[in-house]
Amino acid sequence: MTIDDRPDEEERELPPPPGPGGRPPVNNVWVYNGRAYDLSDWISKHPGGEFFIGRTKNRDITSIIGSYHRDPEKIARMIERYSLGRDATPEDIHPKNNAPDFLFKEGFNSWDDTPKYKFDNKNDLLHKVKARIKEPELAARLKRMDRAFDIVVAVLIFLYFAVQGLRLWDTSWMPLPVFVIAMVLLRSSLAGFGHYAIHRAQKGLNKYAVNAFDMNYVALSFVTADGHALLHHPHTQSEVDIKKNVFTMMMQVPRLYRVPVHTVHKFGHLLTGMIIRLLDVCRLTRKVGIKDMYGTWGGALPHFIGSFGVRFLLVAEFVVFTVAGDFWAWALQFVITLWISTFMVVASHDFEVPTEELHTETEDWAVNQLEQAYDLTVVGNKYVDCFLSAGLSSHRVHHVLPFQRSGFANIATEDVVREEAAKFGVEWLPAKSFFGDRFPKLCRTYLLAPSRDAEENRWGFVREHCAPTALKTCVTYTVQGFTGIGTV
């Protein structure tokens, strides 16, 4: 599978600025370095894809431009022609970044709580790293690593369909344990590819490929790409980082019921919930206007087609295995994949630690990223773990250089980032084991902790599980899965 490269911004020119006519409405404002801009006409022409511009309207995009572009200074000069000629005001910023309120702490306001970083210091860590990856020899190697990554992905796609086909053709050719293990590994690996597809230019075939992020049953990439690429990465472990809250809805369920109830809840998401959510997104897009979100229908349709296509594929697999009388094989791989992948998503950072305890005083964005992220290991080989950990084996490099196109490229860049980080006094910690370190801690945090009602009302263990409100919560949460509520 080959995906379009993200073009270098310096090779592209912006179209002419908007014509006269006064200040545009508030919903046509982007904020960069404290100044107001109108990038409406740039949505459909952005080299990185319409999604990244259309979705960031009414947000502070300073850290997004600084972190996702090889030469943010060049971009800053280019967008000056789109300046509204004034400082930004609180009214220009959506208070919750156009995201669901429950993902933020009480009282959160984007204008006040979005971290402020400067990206114009030529001597900061990010500039030093970017300068080194432009060196011809390393740049050529990174391109080779990207190609190798895509070749491996193509093999994984073939194996994904082959394993299921063999199981359906003759179970003796694909025994149950082999089938389940293979599907868990393949789903995690393809989701790892989807993780990197989210960071690539949302152009061409990648608009379809990005939906591989859905293959592990956890998320809906059509809506989580925003929270991951545009809120989590530029603002890691800040109050803007909604990733730390995406799985907390299941904490309202009593702890003994949490695994079965959440499993059925996610089965509901698979069967009908995420399709309903996609239809809601379609209605919202039509209501807001395709021009304001994607520029044109031509820019939007591949995203919709790809997302619906993957949803129908996942449902079709369930139906085919059920009709073939092999439901339990499908169910076993579904449950194991779901829970390992759920914990894998939140294993990437210390989300269980309160944000204020992780706060750093540095104004160097790249230093902050290294201090807030760590690498994960599953089997100990970085190239294998790149897929098994859903792309997190070289996670620290990924956070410093989120625009790199593959996990293999990140692995090849690790020595550079480590060497430059050492000059800034940043300790390079060893990778953490997913099963040996993170998994036990996450089980205590997400599975063994009392429900929210039990904590708030100081209920004991028995009342937590037997109170009428607790049982009602379980039923409500289960039904919500089938209606698309709680979908991430």
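This is a predicted model: local features need pLDDT of at least 70, side-chain atom pairs count only at pLDDT 80 or more; totals for chains, interfaces and linings use all residues.
# Notebook: helix α19 and other places in the model

**Entry 1, cover of α19.** I looked up what covers the buried residues of helix α19, and the cover includes α10 (255–288), α13 (327–346), β4 (376–377) and β5 (432–433). Buried means under 20% relative accessible area, exposed over 50%, and partly exposed in between, with a 1.4 Å probe and protein chains only. Contact means heavy atoms within 4.5 Å. Helices (H or I, at least four residues) and strands (E, at least two) are DSSP runs, numbered from the N terminus.

Residues are numbered from 1 along each chain as its sequence is written, and side-chain values use heavy atoms, with hydrogens and water left out.

Which residues of α19 are buried? I found Phe-434, Arg-438, Leu-442, Cys-443 and Tyr-446. They cover an arc of only 135° around the axis, so they sit on the same side of α19. The arc is taken from the directions that run from the helix axis to the C-beta atoms. I then checked the length of α19, which runs over residues 434–446 and has 13 residues. Its end C-alpha atoms are only 15 Å apart, short of the 18 Å that a straight helix would reach at 1.5 Å a residue. The expected span is 1.5 Å times one less than the number of residues.

I turned to α13, where Ile-340 is placed. Ile-340 has 22% relative accessibility, so it counts as partly exposed. What does Ile-340 touch, not counting residues up to four places away in sequence? I listed Val-184, Phe-434 and Phe-435. Phe-434 is 94 residues from Ile-340 in sequence, and their C-alpha atoms are 9.8 Å apart in space.

Helix α7 (residues 176–199) has 24 residues. From first C-alpha to last, α7 reaches 35 Å, close to the 34 Å expected at 1.5 Å a residue. I counted α7 as mostly covered, with 19 of its 24 residues buried.

An unreviewed UniProt entry gives the annotation "transmembrane region" to residues 148–166, 178–198, 300–321 and 327–347. UniProt positions are in the numbering used here, feature names are shortened, and annotations may be inferred rather than shown by experiment. I looked at two of these spans in the model. Residues 178–198 are 100% helix and 0% strand, with end C-alpha atoms 30 Å apart. Residues 327–347 are 95% helix and 0% strand, and their end C-alpha atoms also lie 30 Å apart. The unreviewed entry also lists residues 31–88 as "domain: Cytochrome b5 heme-binding". Over residues 31–88 I read 33% helix and 17% strand, with the end C-alpha atoms 6 Å apart.

In what order do the three strands of the open sheet stand? The order is β1-β2-β3, with antiparallel pairing. Edge places go to β1 (30–32) and β3 (83–87), each with a single partner strand, so one side of each has no neighbour in the sheet. The twist averages 30° from one strand to the next. Axes here are lines fitted to C-alpha atoms, for helices over the stretch in contact, and angles run from 0 to 180 degrees between N-to-C directions. β1 pairs with β2 (residues 35–37) in the antiparallel sense over three bridges; two strands pair if DSSP finds at least two bridges between them. Tyr-32 stands opposite Arg-35 in β2.

Asn-33 is in the loop between β1 and β2. Its phi is near 50°, a positive value in a residue other than glycine. Asn-33 has 39% relative accessibility and therefore counts as partly exposed. Tyr-217 is not a glycine either, and has a positive phi of about 70°. I found Tyr-217 in the loop between α8 (206–209) and α9 (221–232). Is Tyr-217 buried or exposed? At 3% relative accessibility, Tyr-217 counts as buried.

Glu-73 lies in helix α3 (residues 72–78). Its relative accessibility is 16%, so Glu-73 counts as buried. Leaving aside neighbours within four places in sequence, I found Glu-73 in contact with Phe-119, Asp-120, Lys-122 and His-127.
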